[in-house]
Amino acid sequence: MTHELRKSDSSIVPRKHPNNRAEQSNLAEDVEGRELTKGNTIKQSRGWTQSQVPLSQLLGRVRLAAERKDEKLNALWHHVYNRDCLRTAYRGLKRNSASGIDEMTWSEYGKNLESNLEDLSIRLRNGGFRAQPVKRVNIPKPDGRLRPIGIPVLEDKLVQKATVAVLNAVYEGEFKNFSYGFRPGRRQHDALDAVAVGIEKRKINWIVDADIQGFFDALDHDWLIRFIEHRISDKRVIRHIIKWLKAGVLEEGELKTSYKGTPQGGSISPLLANIYLHYVLDLWVDSWRTRIAKGEVIIVRYADDFIVGFQYYKDAVRFKEELKRRLSKFNLSLHPQKTRLLNFGRFASRDRKEQGKGRPETFDFLGFTHICATTKAGRFKLKRRTMSQKLKGKIAGLKQELQNRLNKRISEVGKWLRSVLLGHYRYYGVPGNESSLYAFRESVLHWWYNTLKRRGQNRKLRWDKMIRIARDWLPYPKSYHPYPSERLIVRT
């Protein structure tokens with residue numbers, strides 16, 4: 001593996017080619033708006049020391065410097081150890097999150113916040129900061145498997161968050177508009193809207209539903225550092241990122257050294273993942289659809305999960321094969337079961353009927369199953385339903401929690417269930433998903449009723465009384481999100 005990132009390597013930095021399709025407005029990406037990632041540039045105040053300049057203005061200077069694409073940034077670390085930046089990062093941490101191997105909590109650290117931040121700032125400035133191993137815990141997934149989560153110590157969380165704030169000022173001007181995961185001002189529903197608008201408004205007939213196998217565990221450290229050095233030459237930034245990558249994982253009392261991957265759970269891991277995929281995937285896809293594709297192509301990526309839509313079948317087949325080779329070059333691979341090519345779009349029902357294949361297949365993305373459907377007038381529309389796997393997993397978790405709260409007062413359990421339902425509605429409350437929302441509420445009602453009947457004094461609990469209890473505590477579903485095309489009009 002060579003250790004130079006060559007600007008002439010077209011697989012990493014694509015050349016611009018004249019093409020009429022490049023002039024078309026990409027509705028799947030316009031959902032976000034073109035100005036969201038740039039921020040407001042703020043004029044510099046001459047004669048101020050760094051401690052006197054507001055943090056927003058400091059980051060504004062970084063954005064201005066980052067606009068010079070042909071220059072590397074070599075003076076960033078002093079923004080990280082700025083006390084205001086560290087204080088802002090501390091306040092942005094989750095207050096009740098699990099503690100790392102040092103057992104330090106957010107509230108405990110905050111008791112002597114200013115002195116702790118001063119000491120931390122000095123260590124960051126003088127090179128005395130040491131990254132600590134992360135504590136690994138395994139979280140059950142809906143399909144029964146376990147998701148490993150790394151929990152850094154509090155100061156690592158804090159410094160990582162400050163570093164992310166500074167690096168975001170650099171990379172938000174670099175990242176593509178079809179990248180949505182873990183970026184400021186971008187949500188999962190923005191990515192879902194982009195998929196819906198792209199499929200409904202563009203000439204999309206084929207979908208590659210792609211998933212990178214074990215991406216966060218397979219991320220290559222050498223390639224990642226090379227990608228970062230393509231834009232940043234501040235050795236202190238590079239050195240601390242390497243420290244976090246090499247800190248290791250403590251699992252069941254055993255320290256395991258990290259040679260690849262980045263633990264999920266750290267504040268900086270999502271940004272590192274986006275930087276990696278920006279060079280490995282995003283730049284390549286953007287170049288591929290301009291130079292090679294014969295028809296229209298849309299892409300929406302959220303972290304390592306992405307959807308690519310094609311007008312022509314030959315484009316889709318060629319892309320899938322070339323994508324495998326592209327990822328293998330950077331030590332990544334597609335998940336064989338989760339990556340599929342399917343006929344999907346406005347003509348999918350007609351095409352499959354002619355071939356005697358029945359209804360079009362569906363695909364899952366960000367918790368929703370996407371389905372080919374029609375309006376009452378017979379026009380194509382995209383329907384989205386809560387993934388059955390997600391729904392079953394959530395209900396199973398609720399059943400266990402209700403068992404744990406068996407002896408709690410009805411009002412206490414009711415308040416908790418209300419918050420659970422409202423949280424579910426706020427995410428899954430999209431137009432056309434009402435039946436899934438009602439099914440979830442009915443399941444909650446059913447299992448709460450069974451739990452209450454197990455209590456000694458309620459063994460003869462009548463259903464009509466349970467309905468009255470449910471009216472007090474279990475809100476009915478409603479849509480919290482507009483139609484994707486409506487939100488597109490508002491935002492652009």
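# Exercises on a predicted model

The protein chain has 19 helices and 11 strands. The model is predicted, and 50% of the 492 residues of the protein chain count as buried.

## Exercise 1: Confidence

Task: Find which stretches have pLDDT below 50, and state how many contacts the model gives them.

Solution. 
1. Residues 1-27 keep a pLDDT under 50, and the model has 49 contacts for them beyond four places in sequence.
2. Residues 29-49 also have pLDDT below 50, with 47 contacts in the model beyond near neighbours in sequence.
3. Where pLDDT is low, predicted coordinates should not be read in detail.

## Exercise 2: Helix α10 against α11

Task: Determine how the axes of α10 and α11 are oriented to each other, and which residues make the contact.

Solution. 
1. Helix α10 covers residues 221-229 and helix α11 covers residues 235-246; their axes come within 11 Å and cross at roughly 160°.
2. Angles over 145 degrees count as roughly antiparallel, so α10 is roughly antiparallel to α11.
3. The crossing of these two helices, α10 and α11, is right-handed.
4. On the α10 side the contact is made by H221, L224, I225, I228 and E229, and on the α11 side by K235, I238, I241, I242, L245 and K246.
5. Sorted by class, the contact of α10 with α11 has 7 nonpolar, 1 polar and 3 charged residues.

## Exercise 3: Helix α10 against α12

Task: Classify the crossing of α10 and α12, and give the classes of the residues in their contact.

Solution. 
1. The axes of α10 and helix α12 (residues 269-291) come within 10 Å and cross at roughly 80°.
2. The range for roughly perpendicular is 65 to 115 degrees, and therefore α10 and α12 are roughly perpendicular to each other.
3. From α10, W223, L224, F227 and I228 meet L272, I275, Y276, Y279 and V280 of α12.
4. The residues of this contact of α10 with α12 are 9 nonpolar, with no polar and no charged.

## Exercise 4: Burial of α10

Task: Decide how many residues of α10 are buried, and name elements that cover them.

Solution. 
1. The buried residues in α10 are H221, W223, L224, I225, R226, F227 and I228.
2. Because 7 of the 9 residues of α10 are buried, the helix is largely enclosed by the rest of the structure.
3. The cover over the buried residues of α10 includes α7 (154-171), α11, α12 and α13 (313-329).

## Exercise 5: Two single residues

Solution. 
4. For the protein chain, residues 24 or more positions apart account for 73% of the contacts with a separation of 6 or more.

Key. Residues are numbered from 1 along each chain as its sequence is written. This is a predicted model: local features need pLDDT of at least 70, side-chain atom pairs count only at pLDDT 80 or more; totals for chains, interfaces and linings use all residues. Side-chain values use heavy atoms; hydrogens and water are left out. pLDDT is the predictor's confidence in each residue, from 0 to 100. Contact means heavy atoms within 4.5 Å. Axes are lines fitted to C-alpha atoms, for helices over the stretch in contact, and angles run from 0 to 180 degrees between N-to-C directions. Helices (H or I, at least four residues) and strands (E, at least two) are DSSP runs, numbered from the N terminus. Angles under 35 degrees count as roughly parallel, over 145 as roughly antiparallel, 65 to 115 as roughly perpendicular and the rest as oblique. A crossing is left-handed if the near helix is turned anticlockwise from the far one by less than a right angle, and right-handed if clockwise. Ala, Val, Leu, Ile, Met, Phe, Trp, Tyr, Cys and Pro count as nonpolar, Asp, Glu, Lys and Arg as charged, and the others, Gly among them, as polar. Buried means under 20% relative accessible area, exposed over 50%, partly exposed in between (1.4 Å probe, protein chains only).
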